[in-house]
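Subject: Structure handover

Hello,

My notes on what was found in it follow below.

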Amino acid sequence: MKEFESKQQSPVDTALQEHDVAAARQSSGSIAGTDAVPPQPSPRPAAWWRRVSAMQWAAACAVLAIVGMIVIFVSNGHGDMSSASTQTFTANGVSFKMVRVEGGTFTMGATSEQGSDADSDEKPAHSVTLSSYYIGETEVTQALWYAVMGAKPTSSKSWTTDYGLGDEYPAYYISWKDCETFIAKLNSITGKNFRFPTEAEWEYAARGGSKSRGYKYSGSNAIDEVAWYRDNSGSETHPVKGKSPNELGLYDMSGNVYEWCQDWYASYGSSSGSEGSVRVIRGGSWDLDAGFCRVSIRNYCTPSYSHYYFGLRLAL
């Protein structure tokens, strides 16, 4: 059996070992030959949910609740909430947009920018206060009319390539009574309460509502920027949204096709509105001079009459 004998260290070995120990102590932070207390680990931070205050929790929950309500509102078919100022609706596969007009007070009629062009029935200029409402971003298109009615208007002339034919063209050759039937069917499809705009609602929206800059035409003092009228139309209607919008983002409120309103025509200041023989039409058309496209000008027609430049803009 092999025995292990202890080996006696030499003075050199002993010195080397002592030198190594001293060096190790110095590198580990020993002071004057005494070992330093080793560094202590930092305390572990509390979990993030323990660092959130009760007030922060409440705010986060409130935000989640609001988001949830918005999701439910949109999923239930109440419209496109991508913008608080608009809602999008669909009827038999055709979508259309309604723009919110914030209520306010405005001066209706022959305001100063209309100058000598103002007609006598635009006077006197008078103050009108309206509640908020929605109005069509564009005139009712041929696509929407066909989707709701299942056919072109009953007029024997109807829509032709002579005056403009296509999904994005405004519906025309429609009487006030045709529009009344269209609105009833649209409401049956959507479950909403679409209607004609009143004459005051139409003018307030055409002027730009609370964002109005006081233009002569809807969206500009330069009619060619915002309207199709006799001098630039080429003697036909044009697809909606072909010109610049007004201050509210509404298109073609000057020119393209006239738009029926709810009101019976009567002079300002009379007790009109409940009955009459002719209905108001507004906005001018592609076949008329610039003066007929001003925001304050008024016109009228028999409710049963249709024309190649009579159309409709919805209100809600």
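**What was found**

Of the 316 residues in the chain, 42% are buried. Please keep in mind that this is a predicted model. The chain has seven helices and nine strands. Among contacts with a separation of 6 or more, 69% are between residues 24 or more positions apart.

**Nonpolar cores**

The largest nonpolar core has 33 residues, and the members that touch the most others are Phe 96, Phe 182, Leu 312 and Leu 314. At least two residues come from each of strand S1 (86-91), strand S2 (94-101), helix H4 (142-149), helix H5 (176-190) and strand S6 (258-264). H5 gives the most, with five residues.

Phe 96 shows how parts of the chain meet here. Beyond its neighbours within four places in sequence, Phe 96 is in contact with Gln 87, Thr 88, Phe 89, Thr 90, Ala 91, Leu 144, Leu 186, Phe 194 and Leu 314. Another core, of 20 residues, lies apart from the largest one; Val 101, Leu 130, Tyr 268 and Val 295 are among its members.

**Helix H4**

H4 is mostly covered, with six of its eight residues buried. These are Gln 142, Ala 143, Leu 144, Trp 145, Ala 147 and Val 148, and they pack against S1, S2 and H5. Gly 150 follows H4 and has a positive phi, near 75°.

**Aromatic residues**

The structure holds 19 aromatic pairs. One of them is Tyr 163 with Tyr 308: the ring centres are 4.6 Å apart and the planes are at 10°, so the pair is stacked. Tyr 163 is in the loop between H4 and H5, while Tyr 308 is in the loop between strand S8 (299-301) and strand S9 (310-311), so the pair ties together parts that are 145 residues apart in sequence. Tyr 163 has 25% relative accessibility and therefore counts as partly exposed.

Tyr 308 also pairs with Tyr 173, this time edge-to-face, at 6.4 Å centre to centre and with 80° between the planes. Tyr 173 counts as buried because its relative accessibility is 6%, under the 20% cut-off.

Tyr 163, Tyr 173 and Tyr 308 belong to a cluster linked by ring pairs, which also includes Tyr 172, Tyr 258, Trp 260, Trp 286, Tyr 305, Tyr 309 and Phe 310.

The charged end of Lys 243 sits over the ring of Trp 228, 4.3 Å from the ring centre. The charged end of Arg 279 sits over the ring of Trp 176, at 3.9 Å from the centre.

**Cysteines**

How many disulfides does a search of the whole structure find? The count is zero. As for individual cysteines, Cys 261 is buried, with a relative accessible area of 0%. Cys 301 is also buried, with a relative accessible area of 13%.

Regards

Notes: Residues are numbered from 1 along each chain as its sequence is written. This is a predicted model: local features need pLDDT of at least 70, side-chain atom pairs count only at pLDDT 80 or more; totals for chains, interfaces and linings use all residues. Side-chain values use heavy atoms; hydrogens and water are left out. A nonpolar core is a set of buried Ala, Val, Leu, Ile, Met, Phe, Trp, Tyr and Cys residues joined through side-chain atoms within 4.5 Å. Buried means under 20% relative accessible area, exposed over 50%, partly exposed in between (1.4 Å probe, protein chains only). Helices (H or I, at least four residues) and strands (E, at least two) are DSSP runs, numbered from the N terminus. Contact means heavy atoms within 4.5 Å. Rings of Phe, Tyr and Trp (its six-membered ring) pair if their centres lie within 6.5 Å; planes under 30 degrees apart count as stacked, over 60 as edge-to-face and the rest as tilted. A charge sits over a ring if NZ of Lys or CZ of Arg is within 6 Å of the ring centre and within 35 degrees of the ring normal. A disulfide is a pair of cysteine sulfur atoms within 2.5 Å.
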